Amino acid sequence: MEEKKRILSGIQPSGALTLGNYVGALRNWVELQKTDEYDCYFMLADLHTITVRQEAKDFRKNAMDLLALFIACGLDPEKNPIFFQSHVPAHAQLSWVLTCNTYMGELSRMTQFKDKSQKHTGNINAGLFTYPSLMAADILLYQADLVPVGADQNQHLELTRDLANRFNNAYSETFKVPEGYIPKVGARVMSLQDPMQKMSKSDPNENSYILLLDSPDAVVRKIKRAVTDSGSEVRRGEGKAGIENLMSIYSAMTGKSLEEVEAEFEGKGYGIFKAAVADAVVETLTPIQARYRELMENKDYLQQVYRSGAEIASRTAAKTLAKVYRKVGFIQP
Ligand code: TYM
């Protein structure tokens, strides 16, 4: 039988999950998993998270929360491994080899590095700089064909492809060169307060984002306050970034196309539209939150999920790492 194609993706446990993470990434992982066409590896990217200083207690809480949310959103650990990056040492090991094959110039061009070093001026550490080499290791270890992410990860993916090609050319064919899978609608969910900025959990204004664990009241309030424009038509177009953002959220929640959304709200005004968007978000989040609460009551189960996930992931990762070590010329231990 032909081997299935591979998927790898990850999310950082760096705080509460936003609707942006869900629409841009997690929701698509669930859909891709459902097709049964792929072997998927779903990773909690905790090594990446310490590029920004974390309080250990909060970090542990965020990590378990995210694991529970992965499952609550529909990932099935029986089908595909879910694991913590820090439990699979091959990530840090391959990352070193790739770091030695990444140019300073490439890393300095990464917009995420530029943004984060502006935000955390007191802690511009070397990890923040070499982060894309670690992300490349995450992907290449699993010989992933497809990497489902939001648009903000595109530049990191391009670097991953460059590194794979560079290594393959220098040492002979070793890595699969991965493709990104970036959704057509919702690849960049924008801030509700400033539709020119990405929705982000690190935004100081909490009205700018919706969290997966927000109460229905909070969702309704935040969407009601979302910045739009002085017009009244629910459609795409110049100067309509706020409305377009709400339209893509609604489209992601309901499965309706943007054309269908425009038709549905023709002549209806922003009040009615915003109420419908809020309803659709609440309807999506309510069952996720209920399942999340159940899972958080069952820590033994969660532990079993991440332990068996790490075991499966480690086996695949070790194979690639052994190949790389051999090609680089390290003496076999
Ligand atoms: P992270 O944790 O910042 O985000 C996780 C995923 O959510 C997507 N995303 C968004 N999509 C649409 N609109 C938004 N406003 C929005 N905000 C976030 C991101 O594109 C991402 O897909 N470096 C990665 C984690 C990572 C990874 C990997 C991903 C580490 N190793 C290997 C893929 C493969 C990150 O920080 O994502």
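Which domains does the domain assignment of the protein chain give? I looked that up first. The assignment gives domain 1 (5–182 + 299–328) and domain 2 (206–294), with bounds that come from an automatic or database domain assignment.

Ground rules, for my own use. This is a predicted model, where local features need pLDDT of at least 70, side-chain atom pairs count only at pLDDT 80 or more, and totals for chains, interfaces and linings use all residues. Residues are numbered from 1 along each chain as its sequence is written, and side-chain values use heavy atoms, with hydrogens and water left out.

Next, the two domains. I found their centres, taken over C-alpha atoms, 29 Å apart. Domain 1 puts 14 residues into the contact and domain 2 puts in 13 (contact means heavy atoms within 4.5 Å). About 1200 Å² is buried between them, 78% of it from carbon and sulfur atoms; that is accessible area (1.4 Å probe) lost on putting the two parts together, summed over both. On the domain 1 side, L19, L69 and A72 lose the most area to domain 2, together 42% of what that side buries.

Then the ligand. I see 27 residues around the ligand, and Q12, Y131, D138, D152 and V189 come nearest (a heavy atom within 4 Å counts as near). I checked polar contacts too (N or O pairs within 3.5 Å). Polar side-chain atoms of Q12 and D152 each lie by a ligand oxygen, Q12 at 2.8 Å and D152 at 2.4 Å. A polar backbone atom of M199 is 3.0 Å from a ligand nitrogen.

Technical notes: Polar contact = N/O pair within 3.5 Å; in protein donor to acceptor, adjacent residues only side chain to side chain.
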